[in-house]
Amino acid sequence: MNIQKLRTNHLENPLGYLLDTLSLSWIVTGKNEPGMETKVVMAADAAFAEILFESEWLEAINALDFQPKISLIPQTRYYWKVLAQSAAGELLAESEQAWFETAKQQGSWTAQWITPGEDQEAQPIVKKQFVLEKEVVAARLYICGLGLYEFEVNGQRTHDEYLLPGYHAYDFWQQYQTFDVTDSLKSGGNALGIMLGDGWYKGRFGFDGGYTNLYGEQLKLIAELNLSYADGTTETIVSDDSWLTQPSPVLKSSIYDGEVYDARKEVADWSVYTEDLAGWQRVAVLLDATDQLSARLSPALKYVESLIPEVIQSPAGETILDFKQNMVGWIAFKTQAPAGTEIGYEVGEELQGGNFYNDNLRTAEAKFTYISDGSERTVRPHFTFYGFRYAKLNGFDREINPADFIGYVIHSALEVTGKIETANPQVNQLIKNALWGQKGNFLDVPTDCPQRDERMGWTGDAQIFARTASYNMYTPAFYRKFMHDLRLEQEQLDGSIPFVVPMLKPKSSEGGFMGAGAAAWSDAATVIPWVLYEQHGDLSLLNEQYATMVDWVEYVYREDERSGSNRLWTTGFQFGDWLALDGKNPKAPIGGTDPKLVASVYYYYSATLTAKAAAALGKQADAEKYTALAESIKAALQAEFLTAKGRLAVNTQTAYVLFLYFDLVPQASLSRVIADFEAKLLEDDVHLKTGFVGTPYLCEALTKSGLTELAYSILLNEDYPSWLYAVNLGATTIWERWNSVLPDGKISGTDMNSLNHYAYGSIVEWLYRSVLGIQADPLHAGYRHFYLKPVPSAQLGAASGEYESSSGKIKSAWRILEDGQLHFAFEVPTQSMATIELPHCQATEIADQLQSFGITQTEIIQKGEGIAFTVAGGAYAFTYKPLKSYKVNYSIAMTYKELLAIKATRTVIFEHLPMLKGNDLALNQLDSPFETFSSVPIVQHFVNDRVLGEINEALAKL
């Protein structure tokens with residue numbers, strides 16, 4: 001037995017984070033011991049000699065939100081561990097020790113904001129020298145530099161973070177970081193050197209990159225170095241007018257445009273103690289307040305992995321690096337060019353005609369230029385990042401060694417928690433693409449894209465992808481910071497939620513601001529907190545974000561009241577089903593689904609989630625209030641958009657998806673709406689036409705409606721529009737548009753066309769929830785209890801995967817055997833319970849297998865044509881002959897509908913009879929055996945016994 005994954009506020013050993021609420025969690029693995037208990041012990045020292053807190057023995061083994069009753073002292077390290085004992089009191093396990101260290105007390109700064117001034121020709125450096133005459137036993141640097149900063153102590157980079165302090169709503173709070181620099185100091189002369197860059201704070205930023213100085217017009221810095229000496233005394237070195245500055249070799253830097261670095265202008269010993277301070281000037285002290293400074297929430301931005309490129313020569317004679325992966329970060333390279341030589345690169349996502357291309361980055365130059373001083377070295381940018389696969393080299397006059405170039409992948413350092421492998425290589429690549437899209441866009445905020453002149457925290461993309469993200473990576477701390485920014489912005493907007501967070505508020509002379517208050521985008525206020533709770537089970541996080549949920553629903557309610565109290569949301573600007581393919585105007589991005597339907601469904605969804613959150617938090621009055629509101633919205637939706645005979649009045653894929661996914665269809669009308677949904681998809685040639693709203697729920701709605709084969713068919717389509725269309729064209733991330741690249745390899749447009757835009761990667765949620773069947777239970781959130789109910793299909797053949805949940809590792813796998821049997825294998829975490837649902841299964845068929853796991857007949861529930869039973873932690877496997885054949889022998893004896901529902905059989909038919917595609921007369925024959933099609937008037941001139949025979953032969957080979 002092991003106790004592992006000890007986390008404080010969802011972080012491992014956090015130093016200087018905001019711990020206004022203290023939440024501890026851990027996971028127990030190994031043999032399940034009934035009656036086990038755990039306890040938490042906290043101490044002031046690593047030897048646990050001075051115990052500060054000791055809990056009672058706890059029944060819950062995998063704690064997800066244990067909150068110790070202890071008052072924390074600022075700037076103090078606490079150690080903690082977890083013990084487990086048997087029901088008889090025998091010690092079973094003891095965890096490794098974990099620790100956390102508190103930050104400064106709020107408002108306790110004695111340092112001052114300082115600025116290098118605005119007359120610098122380049123991005124500045126700042127320096128502080130000091131002499132230590134006593135032995136230092138502990139040293140902490142508390143620091144914030146705006147826009148961005150890096151620092152060195154005594155000539156050494158003492159940390160592994162980049163783009164500090166990250167991107168957040170600087171106008172409401174400024175995150176400072178805490179660093180342990182004890183080992184970097186020495187007796188005698190010491191120096192702290194800080195580089196500053198414009199970054200998001202004052203550099204060119206915003207939609208189309210049109211704004212500067214969004215948050216401030218001066219770079220600034222605040223820092224305190226707290227020293228504890230061996231003799232028990234302390235000292236604090238603070239930023240003030242004694243600090244020094246001069247221009248750095250970074251001549252200019254920009255999030256969008258890149259960086260220019262002139263090594264000839266490097267300042268010798270800029271971060272080392274020296275008696276020669278010629279050229280240094282004193283900084284200016286700012287009177288800016290320090291009350292908005294806050295301990296950090298952002299997980300660190302780090303190098304996560306690195307890639308070595310292939311070198312190619314383009315038809316235009318360009319030397320291009322191909323990293324084989326659309327990535328986010330930057331390129332470091334070795335050089336020993338003659339002094340004054342300008343070398344560097346510019347980046348792009350796609351080649352055109354084999355030549356370098358980056359017009360889809362719009363105004364973002366995305367370059368790095370290095371001016372050599374003649375020395376040999378490895379160089380990199382400091383205050384920018386790029387989204388790219390390709391880099392065109394500029395100024396290199398020697399043969400290129402690919403080993404001299406390293407692509408460093410940079411994103412918020414989050415643990416990868418999920419993986420899926422299927423029998424289809426293209427689907428496997430799609431899954432990888434979605435993960436890489438997340439890596440590229442989880443750079444302190446969940447951005448829409450990482451490459452062009454945008455890179456903003458669009459709330460719609462964030463909520464659409466939230467559950468996929470939380471399967472892929474361990475996200476609670478990341479989203480907590482994002483939701484903190486969202487809440488601060490909301491408080492200025494009377495409950496509304498911006499389209500982007502942090503919200504852009506350019507100066508009035510430069511135009512308006514990015515807007516607020518639209519369905520699906522602003523509903524990030526309710527969706528993300530609930531996803532976090534279901535996935536991780538931390539009530540403290542849900543409680544922290546509950547006010548955000550309530551205020552958003554109340555905002556929409558007031559809009560409803562102002563427009564007539566009809567319990568529909570009909571006011572204001574709406575994105576609709578953004579980028580859907582069914583709009584009347586193909587150039588309009590809003591799609592064909594009535595935006596009022598979309599908005600009103602999300603009104604219902606947010607009210608429902610708020611009611612659920614209230615119930616989970618024990619706020620019964622609120623739960624009843626928002627449940628009643630949700631029911632009234634549901635009734636209004638049905639009255640407005642369902643006819644008296646149960647037909648959905650809006651005949652779009654997304655309308656069906658929303659009504660079915662959110663259970664808005666009355667039971668009496670359900671079969672009619674499902675049949676109409678199926679007919680709509682067949683009419684659309686079983687290809688999606690959904691946009692940002694419909695796509696995330698499309699396959700899940702089909703599965704809920706018993707149309708799983710159609711869901712698989714849509715997943716496996718390879719022509720436009722489909723997920724695998726991009727895969728077949730070499731995509732390594734998710735595209736913004738279904739046809740971002742055309743079949744001939746040409747980019748489809750440059751105005752709004754990102755090749756790393758993760759929203760449509762939300763299909764991976766369906767792969768986890770339905771293909772693998774791993775589903776959270778909101779009544780036992782955090783996978784204390786969960787469901788394993790996979791839905792196999794011969795179209796995919798096999799799937800396996802795992803998810804490192806907050807309660808431990810979950811595994812699910814299935815495959816269809818040669819003899820037609822189904823094989824399932826599952827793993828349930830040690831202290832969790834799971835309800836397993838086996839499809840098309842009779843309990844008597846696997847009675848011996850069930851008995852071998854201690855599952856009795858009385859514990860088995862019949863569910864439709866399958867069975868369900870609940871198990872404790874452990875590994876389980878079942879093999880049986882299903883009631884329904886999963887290994888289908890395809891033939892023309894099948895109905896036209898059955899053949900259209902399968903991607904492979906549909907392909908065979910249309911290859912032989914292309915005139916059937918979308919043919920209304922043929923669609924009227926859906927329930928007819930295909931072998932009778934020679935009598936259908938529209939095709940009888942083309943179908944004869946020979947054609948039917950060829951089709952039948954091709955079907956038999958599948």
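Colleague: At what angle do helix α3 and helix α4 pack, and how far apart are their axes?

Modeller: Axes are lines fitted to C-alpha atoms, for helices over the stretch in contact, and angles run from 0 to 180 degrees between N-to-C directions. Here α3 (residues 459-472) and α4 (residues 476-490) pack at about 160°, with axes 13 Å apart. Angles under 35 degrees count as roughly parallel, over 145 as roughly antiparallel, 65 to 115 as roughly perpendicular and the rest as oblique; α3 is therefore roughly antiparallel to α4. This is a predicted model, in which local features need pLDDT of at least 70 and side-chain atom pairs count only at pLDDT 80 or more, while totals for chains, interfaces and linings use all residues. Residues are numbered from 1 along each chain as its sequence is written, and side-chain values use heavy atoms, with hydrogens and water left out.

Colleague: Which residues of α3 and α4 meet?

Modeller: Contact means heavy atoms within 4.5 Å. From α3, Thr459, Ala462, Phe465, Ala466, Ala469 and Ser470 meet Tyr479, Phe482 and Leu486 of α4. These contact residues divide into seven nonpolar, two polar and no charged. In this classification Ala, Val, Leu, Ile, Met, Phe, Trp, Tyr, Cys and Pro count as nonpolar, Asp, Glu, Lys and Arg as charged, and the others, Gly among them, as polar.

Colleague: How do α9 and α11 pack?

Modeller: Helix α9 (residues 653-661) and helix α11 (residues 695-704) pack at about 60°, with axes 9 Å apart, which makes α9 oblique to α11. The crossing is left-handed, meaning that the near helix is turned anticlockwise from the far one by less than a right angle (clockwise would be right-handed). Val657, Leu658, Leu660 and Tyr661 in α9 meet Tyr697, Leu698, Glu700, Ala701 and Lys704 in α11. This contact has seven nonpolar, no polar and two charged residues.

Colleague: What is the strand order in the open sheet of five strands?

Modeller: Helices (H or I, at least four residues) and strands (E, at least two) are DSSP runs, numbered from the N terminus, and two strands pair if DSSP finds at least two bridges between them. The order is β11-β13-β9-β16-β19, with antiparallel pairing. The edge strands, each pairing on one side only, are β11 (148-153) and β19 (281-282). Eight bridges link β9 (residues 124-132) to β13 (residues 188-197), with valine 131 partnered by glycine 189 of β13. Strand β9 also pairs with β16 (residues 244-247) over four bridges, where isoleucine 125 has glutamine 246 as its partner. Two bridges join β16 to β19, and leucine 244 stands opposite arginine 282.

Colleague: How many residues lie between the strands of the hairpin of β35 and β36?

Modeller: That hairpin has two residues between its strands. Strands β35 (residues 798-805) and β36 (residues 808-816) run antiparallel over eight bridges, including the one between serine 805 and glycine 808. Strand β36 is also joined by six bridges to β37 (residues 822-838), again antiparallel. The hairpin of β36 and β37 has five residues between the strands, and glycine 820 takes a positive phi near 90° there.

Colleague: Which residue forms a salt bridge with aspartate 171?

Modeller: Side chains of opposite charge can pair when their charged atoms come close. A salt bridge is a side-chain nitrogen of Lys or Arg within 4 Å of a carboxyl oxygen of Asp or Glu, and the count by this rule is 60. Aspartate 171 pairs with lysine 505, their closest N and O atoms being 3.2 Å apart. Aspartate 171 lies in the loop between β11 and β12 (174-180) and lysine 505 in the loop between α4 and α5 (524-536), so the pair ties together parts 334 residues apart in sequence.
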